[in-house]
Amino acid sequence: PAVTEDRSEEQAFSSQWTMQEIEWAKGHIKGHAAKSSKGYDGVSYNQILSIENEALCDLLNACLTSRDAPSIWFKTLVAAIAKKGKPLDDPTGMRRL
């Protein structure tokens, strides 16, 4: 469908971001920023942290309002590494990265 209805209990996928949520999210990723690599889009946590809160809030809310975002934000690269001693043909014996 062109548009998917947000049926989550609190409208979690369509509610506008608040400044408080931006501050919480930035606080959450601060602890991961130094040891994490860039995402598939080439953006690091440190780059996200450097965006002014109001500008980041406006960007995310514009994506919600327009129901659109950069297509690269929807792509994820998942790699699997075999767990020690587990068979390579069994998905439960893999660790996702």
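Residues are numbered from 1 along each chain as its sequence is written. Because the model is predicted, local features need pLDDT of at least 70 and side-chain atom pairs count only at pLDDT 80 or more, while totals for chains, interfaces and linings use all residues; side-chain values use heavy atoms, with hydrogens and water left out.

**Colour α3 by burial.** Leu56, Cys57, Leu60, Asn61 and Cys63 are buried. Buried means under 20% relative accessible area, exposed over 50%, and partly exposed in between, with a 1.4 Å probe and protein chains only. Looking down the axis of α3, the buried residues fall within an arc of 150°, so they line one face of the helix. The arc is that of the directions from the helix axis to the C-beta atoms. An α-helix has 3.6 residues a turn, so residues three or four places apart point the same way. On the face turned away from the buried side, pick out the exposed residues Glu54 and Thr65.

**Select Asn61.** Its relative accessibility is 11%, so Asn61 counts as buried. The Asn61 side chain reaches the backbone nitrogen of Trp17 at 2.5 Å. Leaving aside residues up to four places away in sequence, Asn61 touches Gln16 and Trp17, where contact means heavy atoms within 4.5 Å.

For Cys57, the nearest cysteine sulfur is that of Cys63, 12 Å away. That distance is too far for a bond. Cys57 is buried at 6% relative accessibility, and Cys63 is buried with a relative accessible area of 15%.

**Step to Arg67.** Arg67 follows α3 and has a positive phi, near 55°.

**Finish at Glu5 and Arg7.** The structure holds one salt bridge, defined as a side-chain nitrogen of Lys or Arg within 4 Å of a carboxyl oxygen of Asp or Glu. The side chains of Glu5 and Arg7 form this bridge at 3.8 Å, N to O. Both Glu5 and Arg7 are exposed.

How values were computed:
A disulfide is a pair of cysteine sulfur atoms within 2.5 Å. A polar contact is a pair of N or O atoms within 3.5 Å; within protein, one must be able to donate a hydrogen and the other to accept it, and residues adjacent in sequence count only if both atoms are side-chain atoms. Helices (H or I, at least four residues) and strands (E, at least two) are DSSP runs, numbered from the N terminus.
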